[in-house]
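Subject: Handing over a structure, with notes

Dear colleague,

I am passing this structure on to you, and below it you will find my notes on what came out of it. Please read them with the structure open beside you.

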2 protein chains.
Amino acid sequence: MTNTLSDEALDLLFREARSYNGWLDKDVSDEQIHAIYELLKMGPTSANQQPGRFVWCKSQDSRERLASHASEGNRQKILDAPVCVIIGYDLDFHEQLPWLFPHTDAKSWFAGDADARKESAFRNSVLQGAYLMLAARALGLDCGPMSGFDQDATTKEFFADQPRYRADWLCSIGYGDRSTIFDRSPRPEFDTFNKLL
Amino acid sequence: MTNTLSDEALDLLFREARSYNGWLDKDVSDEQIHAIYELLKMGPTSANQQPGRFVWCKSQDSRERLASHASEGNRQKILDAPVCVIIGYDLDFHEQLPWLFPHTDAKSWFAGDADARKESAFRNSVLQGAYLMLAARALGLDCGPMSGFDQDATTKEFFADQPRYRADWLCSIGYGDRSTIFDRSPRPEFDTFNKLL
């Protein structure tokens with residue numbers, strides 16, 4: 001196993017990667033979607049909670065339904081992308097812990113504490129969404145994350161069969177059109193938002 | 001630029017990487033900490049909010065102070081690691097948007113809406129924490145994320161000079177001791193927590 005990533009790999013994941021609004025007319029296959037999940041599920045979550053719930057909207061119909069709940073500025077970014085994934089979470093993820101974290105009774109840590117479940121589901125599903133984006137980039141795809149949409153209406157429409165799931169944010173995935181992006185926004189120096197003690 | 005990562009690189013980031021509790025007696029340099037931040041800050045956050053605030057506890061003294069606020073099971077994981085970073089966020093991140101997102105007045109989107117700021121600071125700082133972990137792995141380091149600690153006491157002690165910052169979770173960083181880990185917890189099949197529409 002290699003010990004560190006090459007400069008080229010760091011460019012692909014972090015330094016040259018960009019968020020896209022415009023997309024090339026090039027499909028993402030079901031196999032690619034599965035490959036992203038196979039990587040993202042390996043990333044760490046607290047007590048292996050795996051609270052993320054993912055709806056991959058690939059058909060024209062599903063993207064149209066999703067776009068109808070997005071802010072005006074985000075609609076086209078969903079319609080033009082080959083896939084847009086809803087990153088959601090399960091408020092009752094703890095029901096799955098007996099098989100996801102079998103060596104101890106982690107379910108009991110969360111039973112009866114809805115606030116702790118909400119906080120942990122939110123935090124850990126967002127971690128999984130970040131793994132999703134970096135996995136997609138690692139596989140040669142680009143991402144366009146979005147938070148401007150109606151979470152409640154999207155939850156109702158896409159998680160109707162799962163009343164404890166919640167839609168949290170969205171991410172278009174495909175092959176980004178470099179001609180549609182501007183210069184990168186500024187990045188802080190280390191000392192601005194870090195302390196080293 | 002390479003188009004996809006090698007299998008070896010995917011192993012390093014996702015498939016072979018593990019969360020560690022035990023650490024080899026091998027330092028992490030200030031340069032390595034800076035290198036992690038230089039990568040993580042390139043990852044996407046909504047409107048380039050960059051709400052994450054990071055306290056890298058490297059000195060014995062700072063790790064002892066941090067460990068005193070951790071759950072009993074997490075104390076040694078902080079004391080034994082060469083570095084443990086507090087991942088926090090700024091509830092008033094919007095004050096920085098005029099320079100972080102200069103092409104529009106994004107600060108006004110959040111002014112007067114403390115709930116929206118809290119949600120966005122939480123979500124986007126967690127994304128940054130995920131980038132931090134994958135950046136550390138990309139640079140040959142291992143991670144041990146933890147959420148069992150007193151957030152309020154840690155906020156008071158480490159962000160006393162920044163009353164709008166909040167401590168959210170912790171991550172030890174170093175060279176993991178493979179002899180201290182067990183088999184990987186189970187991972188779900190695609191169909192368990194995904195829908196493809």
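I begin with Ala153(A), which is partly exposed, having a relative accessible area of 22%, where the cut-off for counting as buried is under 20%. Please keep in mind throughout that this is a predicted model. Ala153(A) has its place in helix H8 of chain A, which covers residues 151–158. Although Ala153(A) and Ala167(A) lie 14 residues apart along the chain, their C-alpha atoms are separated by 8.9 Å.

Thr154(A) also has its place in helix H8 of chain A, but Thr154(A) counts as buried, with a relative accessibility of 1%. When neighbours within four places in sequence are left aside, the residues in contact with Thr154(A) are Leu66(A), His69(A), Ile86(A), Phe149(A), Phe159(A) and Ala167(A).

In chain B, helix H8 (residues 151–158) can be described together with helix H3 (residues 60–67), for the two axes come within 10 Å and cross at roughly 150°. On the side of H3(B) the contact is made by Ser62(B), Arg65(B) and Leu66(B), and on the side of H8(B) by Thr154(B), Glu157(B) and Phe158(B). By class, the residues of this contact divide into two nonpolar, two polar and two charged.

A further helix pair is found in chain A, where the axes of helix H1 (residues 7–15) and helix H7 (residues 114–138) come within 9 Å and cross at roughly 135°. Because of that angle, H1(A) is oblique to H7(A), and the crossing in which H1(A) passes H7(A) is right-handed. Leu12(A), Leu13(A) and Phe14(A) are the residues of H1(A) that meet H7(A), where their partners are Leu134(A), Arg137(A) and Ala138(A).

Helix H1 of chain B (residues 7–15) brings both chains into the picture. Within H1(B), the residues Ala9(B), Leu10(B), Asp11(B), Leu12(B), Leu13(B) and Phe14(B) are buried. These buried residues pack against H1, helix H2 (30–40) and H7 of chain A, and also against helix H7 (114–138) of chain B.

Ile33(B), in helix H2 (residues 30–40) of chain B, is likewise a residue with partners in both chains: not counting residues up to four places away in sequence, Ile33(B) touches Phe190(A) and Leu196(A), as well as Val28(B), Trp56(B), Lys58(B) and Val83(B). Ile33(B) is buried, with a relative accessible area of 0%. The C-alpha atoms of Ile33(B) and Ala136(B) are separated by 8.5 Å, while the two residues are 103 residues apart along the chain.

Pro82(B) is found in the loop between helix H4 (72–79) and strand E2 (83–90) of chain B, and at 12% relative accessibility Pro82(B) counts as buried. Beyond its neighbours within four places in sequence, Pro82(B) is in contact with several residues, among them Trp23(B), Val28(B), Cys57(B), Arg63(B) and Ile173(B). Pro82(B) and Tyr131(B), by contrast, are 49 residues apart in sequence and 20 Å apart in space, taken from C-alpha to C-alpha.

Finally, a point that comes from a record: an unreviewed UniProt entry lists residues 23–174 of chain A under "domain: Nitroreductase". Over that stretch the chain is 45% helix and 19% strand, and the C-alpha atoms at its ends are 7 Å apart.

Conventions. Residues are numbered from 1 along each chain as its sequence is written. Chains are lettered from A and ligands numbered from 1 in the order in which they are written. This is a predicted model: local features need pLDDT of at least 70, side-chain atom pairs count only at pLDDT 80 or more; totals for chains, interfaces and linings use all residues. Side-chain values use heavy atoms; hydrogens and water are left out. Axes are lines fitted to C-alpha atoms, for helices over the stretch in contact, and angles run from 0 to 180 degrees between N-to-C directions. Helices (H or I, at least four residues) and strands (E, at least two) are DSSP runs, numbered from the N terminus. Angles under 35 degrees count as roughly parallel, over 145 as roughly antiparallel, 65 to 115 as roughly perpendicular and the rest as oblique. A crossing is left-handed if the near helix is turned anticlockwise from the far one by less than a right angle, and right-handed if clockwise. Contact means heavy atoms within 4.5 Å. UniProt positions are given in the numbering used here, feature names are shortened, and annotations may be inferred rather than shown by experiment. Buried means under 20% relative accessible area, exposed over 50%, partly exposed in between (1.4 Å probe, protein chains only). Ala, Val, Leu, Ile, Met, Phe, Trp, Tyr, Cys and Pro count as nonpolar, Asp, Glu, Lys and Arg as charged, and the others, Gly among them, as polar.
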